[in-house]
Amino acid sequence: MCGIIGYTGKSDAEPVLVEGLRHLEYRGYDSAGIAVLNEDKIKIHKSTGRVDTLADICKNSPLRGCTGIGHTRWATHGRASAANSHPHTNSSKTIAVVHNGIIENHTELRQFLADNGYKFVSETDSEVIPHLLDYHIKSGGDFKESFLKTVRELKGSFAISAVCRDAGDKILSARKGSPIVIGEGEGEMFVSSDIYSISDKTDVIYVLGDNEVAEISRDCVEFSDFDGNKITKTPSEIKHNSYLEEAGGYDHYMLKEIHEQPRILKSLLSGEKTLSDIKNTPFLAERVKRTDKIYLLGCGTAYNAAMTGGIVMRYLCPVNVCAVMASEFAGGFYDVDDKTLVIAVTQSGETADTLSAMDFAAKRGAVTVAITNTQYSRADTESDFAFYTRCGREVSVASTKAYTAQLAVLYSFGVFLCNCLGGDVKRAEEVREALLKVTADVHLSLGLEEEMKTLAGHYAGCRDIYYIGRGSDFVTATEGALKMKEITYIHSEAYPMGELKHGPIALIDRDTPVIAVDCHPDLHIKTESNLREVVTRGADAVCFCPDGITHNGVRCIHLPETHWITAPFSSVVPLQLLAYYTSVAKGCDVDKPRNLAKSVTVE
């Protein structure tokens, strides 16, 4: 979940590294640091907190040199502190290393190194890397040989970049699980954890594969496996994009991204573009025709999208469909074989739990499909088929536009599967027609913004909020509760409406607001009964429901009238706005909530 940046070339490295870390800060912002080679020294600046703090240090004390590496950290092993921040060095500061991932055997390595006289100054697993590299160099190896020996001895998931005082402008990078890309310029090279952070500086990138090493100089890059065997890689061309644009007049990226949803959905669904892309994927229909069960996997918001996708696919397809938390899949005793279709939903394409579940499924012969926003990510390259949400970079840690874009692709894929598997053709047509209205529905839901801003003022002082719904409305309630807890730190919990009376209703009183989502026409009467239960116990209840629906004693906020199957698109938007404005009212850091990171690359 940390971000790595590297540069070697003809310009000063420091400004390139700091700018790159700003673009990677969504991956972690507990601390940041850079190391720059300056003649016979490696000079380092570190700081806890945001990259802006590091930038101020660099402004007051610039680091001169044309080769360097940088890191922005999400704390795992060891608290957020200057000592635990990267880059880490050997004792003589002739080696500097940045690391993303987990070194699973760090305890054994630390003991071995301590026994050989090495002293540690941090609590991190990462610090074993520069000391182990130093150990191998002192044992007679050069920088490259010693680096290869080091990565072979590391167990776990990692991306590593290292520089050495005695190796000139060279940067060595290795990947095992966590992403690394190399960008090629004219007389300069870039290293990064993702494409977005360097896409304005290069049009040519190389994606480092698992168990591969890149030896990077300002004029070239060479690749090998961990044993040193050379590998030939073909570069990929990328287009310069607007991913790195500013918030564009909005106070926060999250608000901007909420408002981008109609445009993104129009692009994905207008003229059924996404469905057409899926249909035209070679061999896909043949591969899925034998399917007798479907698992949808995801984590966090992506899991909520998978749950809604599962409801749609159960409505359309004549096979067993089940949404499963990716972190629970491999150990959950799910039946997986060559007739299984596994659909993995992941915004970053690098979510460790999801990748592990995909690997588990692939080894058992399942067909794997990735739905991701990130081309060249592991989910993209390691799945049998991949489809992109194409919603642009999502800067805010709390996902909004990526969620509805994931829904758009899942719904389209559901229609495709219905046709492949002999499902209900009338229902498929029903869903297709409803999808063409989604963009207008979401646009209308954005019209509730001022009402959500007012409502947020009432919720800002709450300790607990409960969200309820049935069927796909329960999933929307779950996503709304997740947004609220992520960015406001209010305890927010979602329950299926019918489950309230089986325990959770004990927590309901006059100080506990209840938010209901009620968009299914066959369930309005049951919703009325459940809402009466909470109102009777003094709760302040609000219900998001279609125009024309009322519930006694409950404030009803009316949504666009739409088919229940596509209601999750428009009903989630006011819940996103409500969470946003509640966070603003509380004075929280909306785009960078505490303890969270955008790309979760550890299990």
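Analyst: Happy to! One definition to start: a helix axis is a line fitted to C-alpha atoms over the stretch in contact, and angles run from 0 to 180 degrees between N-to-C directions. Also, keep in mind that this is a predicted model.

User: Okay, at what angle do α4 and α5 pack?

Analyst: Helix α4 (residues 128-138) packs against helix α5 (residues 143-153) at about 130 degrees, and their axes are 8 Å apart. The two helices are therefore oblique to each other. The crossing of α4 past α5 is right-handed.

User: Which residues in α4 and α5 meet?

Analyst: From α4 you have I129, L132, L133, H136 and I137, and they meet F143, S146, F147, K149, T150 and E153 in α5. By class, that contact has six nonpolar, three polar and two charged residues.

User: And at what angle do α7 and α16 pack?

Analyst: About 175 degrees, with the axes of α7 (residues 261-269) and α16 (residues 438-445) 9 Å apart. That makes α7 roughly antiparallel to α16. On the α7 side the contact includes P262 and L265, and on the α16 side V438 and V442.

User: New topic: in the largest nonpolar core, which residues touch the most other members?

Analyst: Those are I294, M313, I343, F413 and L417, out of 94 residues in that core. Helix α14 (residues 401-420) gives the most to this core, with 14 residues.

User: What is I343 in contact with?

Analyst: Leaving aside neighbours within four places in sequence, its contacts include I294, M313, V369, F413 and L417. There is also a second, separate core of 24 residues, with I103, I129, L154 and A174 among them.

Methods. Residues are numbered from 1 along each chain as its sequence is written. This is a predicted model: local features need pLDDT of at least 70, side-chain atom pairs count only at pLDDT 80 or more; totals for chains, interfaces and linings use all residues. Side-chain values use heavy atoms; hydrogens and water are left out. Helices (H or I, at least four residues) and strands (E, at least two) are DSSP runs, numbered from the N terminus. Angles under 35 degrees count as roughly parallel, over 145 as roughly antiparallel, 65 to 115 as roughly perpendicular and the rest as oblique. A crossing is left-handed if the near helix is turned anticlockwise from the far one by less than a right angle, and right-handed if clockwise. Contact means heavy atoms within 4.5 Å. Ala, Val, Leu, Ile, Met, Phe, Trp, Tyr, Cys and Pro count as nonpolar, Asp, Glu, Lys and Arg as charged, and the others, Gly among them, as polar. A nonpolar core is a set of buried Ala, Val, Leu, Ile, Met, Phe, Trp, Tyr and Cys residues joined through side-chain atoms within 4.5 Å. Buried means under 20% relative accessible area, exposed over 50%, partly exposed in between (1.4 Å probe, protein chains only).
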